[in-house]
Amino acid sequence: MLQFRRLTAAAVAIGALVWGSGAALADGFATPWQLGMQEPATEVMESINSFHNGLLWTITFISGFVLALLVIVMVRFNARANPTPSRTTHNTLIEVIWTVVPVLILAVIAIFSFKLLFLELQIPPADLTVKATGKQWYWTYSYPDNGKFEFDSLMVPDDKIDTAKGQIRLLSVDNEMVVPVNKIVRVETIGNEVIHSFALPAFGVRIDAIPGRLNETWFKATREGTYYGQCSELCGRNHAFMPIAIKVVSEQAFKEWVDAANKRPDWKAASAERPAPAALAQAAESSIR
Ligand SMILES: [Cu+2]
């Protein structure tokens with residue numbers, strides 16, 4: 001009995017630890033011992049989260065129910081406990097039930113699933129558009145409705161990372177994509193030479209960036225902060241070193257940032273005229289170690 005109590009206490013302690021670290025989730029990136037998904041920062045991600053949790057309860061209940069039936073069969077109807085088995089082979093009512101009930105469960109899941117798909121794929125009228133071009137191996141962001149500037153976003157290499165400034169290894173970049181809070185942002189993605197994938201877990205966004213084909217998605221961030229994602233399509237040697245960082249700021253701060261961006265001659269130049277980022281090869285090299 002004492003043993004059992006000790007075990008329970010240990011389980012509760014571990015649970016509290018995991019739960020506690022889960023509650024203290026950092027915004028925008030994964031943390032060690034994190035349980036569950038990242039803290040949602042858009043309505044879409046909140047819906048994905050609740051759909052995921054609902055499915056988890058459903059499959060847990062179904063698995064528990066099937067397990068319980070199996071245990072009952074093994075205990076009550078084994079050869080020793082039940083030496084003369086029943087000769088029953090069909091029971092129409094039960095057969096109808098075990099066909100219809102799973103169909104109903106799947107239909108209910110489908111309703112919620114389609115609702116979520118429509119929410120993700122029907123792009124509402126956007127307040128601004130940002131084009132994200134996946135390149136080997138960094139992202140270029142263009143702002144067509146805010147003065148047509150564009151810039152490259154490169155990962156901060158290990159030897160330049162400044163944790164005092166809150167930079168995160170393998171996630172922080174030199175120039176973040178900046179967007180205003182509570183505004184609908186349409187993201188257009190395209191690949192420059194191979195397929196990349198623009199993914200941001202806290203926003204519930206993941207869309208391929210394919211050469212020669214413009215894809216689009218959207219998000220509306222409901223909280224200010226910096227959110228991180230990674231290229232999610234194997235795109236070559238430095239696939240792991242082209243993170244996506246999105247800074248969500250107030251509308252006023254966004255306007256100021258746009259004004260400053262429009263004054264940078266290097267950001268006004270078209271990508272063909274811009275020199276390829278020289279730091280890139282070196283940055284990737286130092287991170288691979
Ligand atoms: Cu990539």
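User: What share of the 289 residues in the protein is buried?
Analyst: Happy to start there, keeping in mind that this is a predicted model. A residue is buried here if 20 or more other C-beta atoms lie within 10 Å of its own. Across the 289 residues of the protein, that share comes to 23%.

User: How many residues are in the largest nonpolar core, and which have the most contacts inside it?
Analyst: The largest nonpolar core has 41 residues. Those with the most contacts inside this core are Val-130, Phe-203, Tyr-227 and Ile-246.

User: Which residues is Tyr-227 in contact with, leaving aside neighbours within four places in sequence?
Analyst: Two of the partners, Phe-203 and Ile-246, are also listed with Tyr-227 among the residues with the most contacts inside the largest core.

User: Which strands stand at the edges of the five-strand sheet, and why is one side of each left without a neighbour?
Analyst: The order of this open sheet is S3-S2-S1-S5-S8, with mixed pairing. Each edge strand has a single partner strand, so one side of each is left without a neighbour in the sheet. From one strand to the next, the twist averages 25 degrees. The edge strands are S3 (149-153) and S8 (215-219).

User: In which sense do S1 and S5 pair, and what is the bridge partner of Gly-134 in S5?
Analyst: Strand S1 covers residues 128-135 and strand S5 covers residues 185-191. Seven bridges join S1 and S5, and the sense is parallel. The bridge partner of Gly-134 in S5 is Gly-191.

User: Which strands stand at the edges of the open sheet of three strands?
Analyst: Here the order is S4-S10-S9, again with a mixed pairing. A strand with a single partner strand is left without a neighbour on one side, so the edges are S4 (177-180) and S9 (225-230).

User: How many of the seven residues of S10 are buried?
Analyst: Helix H4 (residues 251-262) lies across S4 and S10, and runs at about 135 degrees to S4. S10 is mostly covered, and its count of buried residues is five.

User: How many residues of helix H3 are buried?
Analyst: H3 runs over residues 92-121 and reaches 43 Å from its first C-alpha to its last, close to the 44 Å expected at 1.5 Å a residue. This helix is hardly covered. Among its 30 residues, the count of buried ones is zero.

User: Which residue takes a positive phi in the hairpin of S6 and S7?
Analyst: S6 (residues 196-200) and S7 (residues 205-209) run antiparallel and share five bridges, with His-196 opposite Ala-209. Four residues lie between the strands of this hairpin. The residue with a positive phi, near 65 degrees, is Gly-204.

Definitions and conventions. Residues are numbered from 1 along each chain as its sequence is written. This is a predicted model: local features need pLDDT of at least 70, side-chain atom pairs count only at pLDDT 80 or more; totals for chains, interfaces and linings use all residues. Two strands pair if DSSP finds at least two bridges between them. Helices (H or I, at least four residues) and strands (E, at least two) are DSSP runs, numbered from the N terminus. Axes are lines fitted to C-alpha atoms, for helices over the stretch in contact, and angles run from 0 to 180 degrees between N-to-C directions. A residue is buried if 20 or more other C-beta atoms lie within 10 Å of its own, exposed if 12 or fewer, and partly exposed in between; C-beta atoms are placed from the backbone. A nonpolar core is a set of buried Ala, Val, Leu, Ile, Met, Phe, Trp, Tyr and Cys residues joined through C-beta atoms within 7 Å. Two residues are in contact if their C-beta atoms, placed from the backbone, lie within 7 Å. The expected span of a helix is 1.5 Å times one less than its number of residues.
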